[in-house]
Amino acid sequence: MKNKITRFLAYNKKVSVICIDSTALVEEIRKIHDLTPTTTAVLGRVATVCTLMSFTDLKDLTDNLTVQIKGNGPIGTIIAICELENIKKAEIKICADNPHIELPLKPSGKIDVSGAVGESGFLNIIRENELTKGKYNGVSPIVSGEIAEDFTEYFAKSKQQPTVLALGVLVDRNGVKKAGGYIISLMPDAKTQEIEKIENAINNCKPISELLNQGLSLEEIAKQVTGDENIEIIEEDLDVCYKCNCNKDKIERGIISLGKEEIQKIIDEDEKIEAICHFCHKKYVLNKEELEILKKKSK
Ligand SMILES: [Zn+2]
């Protein structure tokens with residue numbers, strides 16, 4: 001199974017669309033974190049929109065994007081970090097405080113994403129450049145906890161162009177059946193006529209996860225959601241992978257930042273420290289001698 005990401009132009013280049021089938025990515029995330037159906041839907045939606053944003057918001061290979069979602073729901077804080085390996089391939093890692101919570105389905109039969117995320121709190125979106133250290137930091141309120149609406153609110157405030165975002169994850173006890181999403185952005189020369197056609201098309205469309213489950217290609221989906229039969233494919237060889245770049249050096253820097261006193265406490269109490277990476281669950285063990293060295297480097 002492979003992820004698919006395609007960029008399109010619709011209505012004579014007045015509308016741009018990026019569409020993703022993220023089924024493989026979301027299934028991988030489910031396995032890495034041993035997620036429940038509820039948390040698969042939550043992290044799947046977040047990972048899908050963050051992947052799309054890697055291709056729309058990151059301008060440079062040295063840019064990275066960090067998204068924190070701090071809602072008042074039981075899943076706790078969600079963190080996703082993305083960068084570009086090359087201009088056609090995004091890398092993502094994601095984690096949540098409580099990845100094993102499970103909630104009953106809503107009366108509509110849908111997974112209770114907003115119940116897990118919480119209906120109040122905020123999104124924190126940070127775009128950083130490793131070389132220039134340039135930083136953009138945007139904070140936006142959670143409006144529903146359903147993820148797509150929350151990011152749409154953020155896009156509305158931060159982008160100049162009107163944007164439509166849809167996200168969907170179809171999951172059962174056996175795993176992810178389909179996951180995907182799309183962003184439709186209107187160029188400045190898009191007119192009311194195009195906007196109305198798109199609104200109509202979206203209102204008559206099934207959720208993206210169901211369209212994928214029916215076997216529709218990204219091109220067929222882009223035609224359906226824009227209502228334009230003459231869409232143009234711009235790029236169709238984009239890709240994403242899950243990648244954690246943790247290493248002992250980073251873990252050691254984290255321990256140094258605890259301070260001399262705190263490190264001494266760990267030495268006195270346990271003589272060693274076990275640190276587990278939240279993104280990939282790799283375990284790092286540092287013994288007493290190593291901790292003594294880090295203590296000397298610490299303040
Ligand atoms: Zn890791």
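Predicted model: local features only at pLDDT ≥ 70, side-chain atom pairs only at ≥ 80, totals over all residues.
Strands of a sheet pair through backbone hydrogen bonds, either parallel or antiparallel. Here the pairing is mixed. The sheet is open and has 10 strands. Their order is E7-E6-E3-E4-E5-E10-E1-E2-E9-E8. Two strands sit at the edges: E7, residues 135-141, and E8, residues 163-172. Each of them pairs on one side only. From one strand to the next, the twist averages 15°.

Strand E1 spans residues 4-10, and strand E10 spans residues 232-242. These two strands pair in the antiparallel sense, over four bridges. Arg7 has its bridge partner in E10: Glu235.

## A helix across the sheet

Helix H4 covers residues 148-158. The helix lies across three strands: E6 (121-129), E7 and E8. Relative to E8, H4 runs at about 160°. Both edge strands of the sheet, E7 and E8, are thus among the strands that H4 lies across.

## Helices H1 and H2

Two packed helices are described by the angle between their axes and the distance between the axes. For H1 (residues 23-33) and H2 (residues 37-57), the angle is about 135° and the axes are 9 Å apart. H1 is therefore oblique to H2. The crossing of H1 past H2 is right-handed.

Which residues of H1 meet H2? They are Leu25, Val26, Ile29 and Arg30. On the H2 side, the contact involves Thr40, Leu43, Gly44, Ala47, Thr48 and Thr51. Sorted by class, the contact of H1 with H2 holds five nonpolar, four polar and one charged residues.

## Two residues with positive phi

Most residues other than glycine have a negative phi, and most peptide bonds are trans. Ile147 has a positive phi, near 75°. This residue lies in the loop between E7 and H4. Is Ile147 buried or exposed? Ile147 counts as buried because 28 C-beta neighbours lie inside 10 Å, and the cut-off for buried is 20 or more.

His281 also has a positive phi, near 70°. Its loop lies between strand E11 (273-276) and strand E12 (283-286). His281 has 13 C-beta neighbours inside 10 Å, so it counts as partly exposed. A residue with 12 or fewer would count as exposed.

Note on methods
Residues numbered from 1 in each chain as written. Pairing = 2+ DSSP bridges. Axes fitted to C-alpha atoms, helices over the stretch in contact; angles between N-to-C directions. Contact = placed C-beta atoms within 7 Å. Parallel < 35°, antiparallel > 145°, perpendicular 65-115°, else oblique. Left-handed = near helix turned anticlockwise from the far one by under 90°. Nonpolar A, V, L, I, M, F, W, Y, C, P; charged D, E, K, R; others polar.
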